[in-house]
Amino acid sequence: MEESSDRTSLSQVRRVVLVLSGKGGVGKSTITTELALAFRHAGKKVGILDVDLCGPSIPRMLRVCRPEVHQCESGWVPVYADTQQSLALMSIGFLLEHPDEAVVWRGPKKTALIGQFVSDVAWGELDILLVDTPPGTSDEHLAVLENLRKHRVDGAVLVTTPQECSNIFSKGGGEELAKLTGSEFLGCVPLDPQLTQSLEEGEDFLQAFPKSATFSAINTIANTLQSRLEDD
Ligand SMILES: Nc1ncnc2c1ncn2[C@@H]1O[C@H](COP(=O)(O)OP(=O)(O)O)[C@@H](O)[C@H]1O
Ligand SMILES: [Mg+2]
């Protein structure tokens, strides 16, 4: 039974990439959203799995408001953020009747729901699936990783701010952290009020500001990530 649901949910997904951060508020959902848009503009079919129970913010960033979520035989049907149906989204927020309901899901029930959620989305064919994970090393976080591990994880993007790493790095903290952990430094996204505004309004920043430094930074990160995923 489990095997057949595995086949239908992630088997046609070419690459699964987790977006992680040590704590909330560092720009994880922002990076997830912008990378997804960059891949979409590059002609890829992209999915976002938003598992951040504390604050499912991707639907707002992509202006996908509280849709009706349907189930088919192979699971929850994702919602498309664009008319071309190249950006699919499934958010744990869609399944919560009230935005505040996340807080009453606790303990084993919450963990079980998340586990189920991860493997029960009928993605169909995707080039890349980005997973916006809950921050930290909570039970939910581990449940997401545990469940994805049963399938496949091809990579992870760690989002951090210079301040989060250590206060000895006033800037370049991400680069230092990459060196310390032996991972590849993908890039640095400037703090850009236009990006904040685009996210608040659910508009496509990459389409609206193609000449900005932030646009190039995001595109460079997306291209590097894409080429590393192809190397594998
Ligand atoms: N590079 C940036 N420039 C400007 N604002 C940003 C940037 N990255 C994130 N933000 C803003 O910071 C806030 C937190 O970002 P978010 O992506 O929701 O963090 P997380 O998912 O890590 O909790 C959001 O309001 C977002 O609009
Ligand atoms: Mg977030």
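## Terms and model

Helices, of at least four residues, and strands, of at least two, are DSSP runs numbered from the N terminus. The structure described here is a predicted model.

## Two residues with positive phi

Arginine 63 lies in the loop that joins helix H3 (58–61) to strand S3 (71–72). Its phi is near 50 degrees, which is a positive value in a residue other than glycine.

## Strand S6 and its partners

S5 and S6 form a hairpin with 6 residues between the strands, and glutamine 85 takes its positive phi in this hairpin. The two strands pair in the antiparallel sense over 2 bridges. Within this part of the structure, tyrosine 80 stands opposite alanine 88 in S6.

S6 also pairs with strand S2 (residues 46–50), in the parallel sense and over 5 bridges. Isoleucine 48 has leucine 89 as its bridge partner in S6. Leu87, Leu89 and Ser91 point one way from S6, while Ala88 and Met90 point the other way, and all are buried. Since 5 of the 5 residues of S6 are buried, the strand is largely enclosed by the rest of the structure.

## The crossing of helices H2 and H10

The axes of helix H2 (residues 28–41) and helix H10 (residues 213–231) come within 9 Å and cross at roughly 75 degrees. Angles of 65 to 115 degrees count as roughly perpendicular. H2 and H10 are therefore roughly perpendicular to each other.

On the H2 side, the residues that meet H10 are Glu34, Leu35, Ala38 and Phe39; in H10 they meet Ile218, Asn219, Ile221 and Ala222. Sorted by class, this contact has 6 nonpolar, 1 polar and 1 charged residues.

## The surroundings of ligand 1

Ligand 1 is surrounded by 15 residues, of which the closest are Gly27, Lys28, Ser29, Thr30 and Thr196. H2 and helix H8 (193–201) each supply at least two residues of this shell. By class, the shell divides into 5 nonpolar, 8 polar and 2 charged residues.

Key: Residues are numbered from 1 along each chain as its sequence is written. Chains are lettered from A and ligands numbered from 1 in the order in which they are written. This is a predicted model: local features need pLDDT of at least 70, side-chain atom pairs count only at pLDDT 80 or more; totals for chains, interfaces and linings use all residues. Axes are lines fitted to C-alpha atoms, for helices over the stretch in contact, and angles run from 0 to 180 degrees between N-to-C directions. Angles under 35 degrees count as roughly parallel, over 145 as roughly antiparallel, 65 to 115 as roughly perpendicular and the rest as oblique. Two residues are in contact if their C-beta atoms, placed from the backbone, lie within 7 Å. Ala, Val, Leu, Ile, Met, Phe, Trp, Tyr, Cys and Pro count as nonpolar, Asp, Glu, Lys and Arg as charged, and the others, Gly among them, as polar. A residue is near a molecule or strand if its C-beta atom, placed from the backbone, lies within 6 Å of it. A residue is buried if 20 or more other C-beta atoms lie within 10 Å of its own, exposed if 12 or fewer, and partly exposed in between; C-beta atoms are placed from the backbone. Two strands pair if DSSP finds at least two bridges between them.
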